[in-house]
Amino acid sequence: ALRFTGNGFIKFGYYVEMPNIVFYVKDTGTGFTEIEKDSIFDQFEHLQDNVSERYKVSGISLAIAKGIVDNLDGKIWVESGEEKHKSDEEEGLTFYFTVPYQSISRNVSRSYKKNDYKDFVWPKKTILIVEDAVISYELLTKFLKDSQVDILHAVDGLQAVNLCKNNSGIDLVLMDIQLPIMNGLEATGQIKSFRPELPIIAQTANAMEDDKPNIMAAGCDDYVSKPINRLELLLKINEFLKPD
């Protein structure tokens, strides 16, 4: 849309039309002929000389997009604008695709409202946050600001190991996996060798299903996926720090 719209506008957005979410991108650029519209989502290798430049450029990308949408159990299509070119192309295009709408259900004991975060209070507890990215560390401290915990900070795995060796008052570790000097999994293994009872919750951007066995095998007691959901994190911490 950006490439082929010299004048006018580009709009994009979505709306819910149960049982789907419908996404759209609308532009006032060059369109397709009726023949091109019928085959634009098909993969092709040989292009005719008389097809539009937009068709040539868009073809393989839209074939890939269709494959992704198909895998999400959705559909994708294009509609032309209202004004017609003399060349039988129509002014502007609107691309649509749908994906099934499903509400997210989390494994929580009940629904929490904003004021319920006061339930997650652990006075006299100390949490070590192992995180080299400043913005991620600041986000975690914001999540924990009402919890009454003391917070320590390590920026690499080696520093985390040394802090756990020299501070028996640490009650829980939030361990990033991608760390300089020593990664989070190696640091976890070393910490567990001298403090096996210390709960360690991994935080990772790569928590695919295949990664879970590696994370748990390293000694982590649980993990959260980035971007981290505050409620999910507090619930996991509470499992280890809640009063007996």
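This is a predicted model: local features need pLDDT of at least 70, side-chain atom pairs count only at pLDDT 80 or more; totals for chains, interfaces and linings use all residues.
How many bridges join strand β2 to β4, and in which sense do the two strands run? Eight bridges join them, and the strands run antiparallel. β2 covers residues 20-27.

Start with the whole chain. Its secondary structure comes to seven helices and nine strands. The chain has 244 residues, and buried residues make up 39% of them. Now take the contacts in the chain with a separation of 6 or more. Residues 24 or more positions apart account for 58% of these.

Back to the sheet. Strands of a sheet pair through backbone hydrogen bonds, either parallel or antiparallel. Here four strands form an open sheet, and the pairing is antiparallel. The order is β1-β2-β4-β3. The edge strands are β1, residues 10-17, and β3, residues 76-80. Each of these pairs on one side only. From one strand to the next, the twist averages 20°.

Follow β4 next, residues 93-100. In the sheet order, β4 stands between β2 and β3. Towards β2, eight bridges make the pairing. Towards β3, five bridges do so, again in the antiparallel sense. F23 stands opposite F97 in β4. F97 is also the bridge partner of I76. β4 is mostly covered, with six of its eight residues buried.

The loop between β1 and β2 holds P19. A cis peptide bond joins M18 to P19, with omega about 10°. The chain has another cis peptide bond to look at, between K226 and P227. Its omega is about 0°. P227 sits in the loop between β9, residues 222-225, and α7.

α7 spans residues 230-241, and α3 spans residues 134-143. Their axes come within 10 Å and cross at roughly 70°. Why do α3 and α7 count as roughly perpendicular to each other? Angles of 65 to 115 degrees are classed that way, and therefore the two helices are roughly perpendicular. α3 passes α7 in a right-handed crossing. From α3, the contact is made by L140, K142 and F143. From α7, the contact residues are R230, L233 and L234.

K124 is found in the loop between β4 and β5, the latter being residues 126-130. Its phi is near 65°, a positive value in a residue other than glycine. Is K124 buried or exposed? Its relative accessibility is 79%, so K124 counts as exposed. Q148 lies in the loop between α3 and β6, where β6 is residues 150-154. Q148 has a positive phi of about 65°, although it is not a glycine. Its relative accessible area is 52%, and Q148 is exposed. The cut-off for exposed is over 50%.

Methods:
Residues are numbered from 1 along each chain as its sequence is written. Side-chain values use heavy atoms; hydrogens and water are left out. Two strands pair if DSSP finds at least two bridges between them. Axes are lines fitted to C-alpha atoms, for helices over the stretch in contact, and angles run from 0 to 180 degrees between N-to-C directions. Buried means under 20% relative accessible area, exposed over 50%, partly exposed in between (1.4 Å probe, protein chains only). Contact means heavy atoms within 4.5 Å. Angles under 35 degrees count as roughly parallel, over 145 as roughly antiparallel, 65 to 115 as roughly perpendicular and the rest as oblique. A crossing is left-handed if the near helix is turned anticlockwise from the far one by less than a right angle, and right-handed if clockwise.
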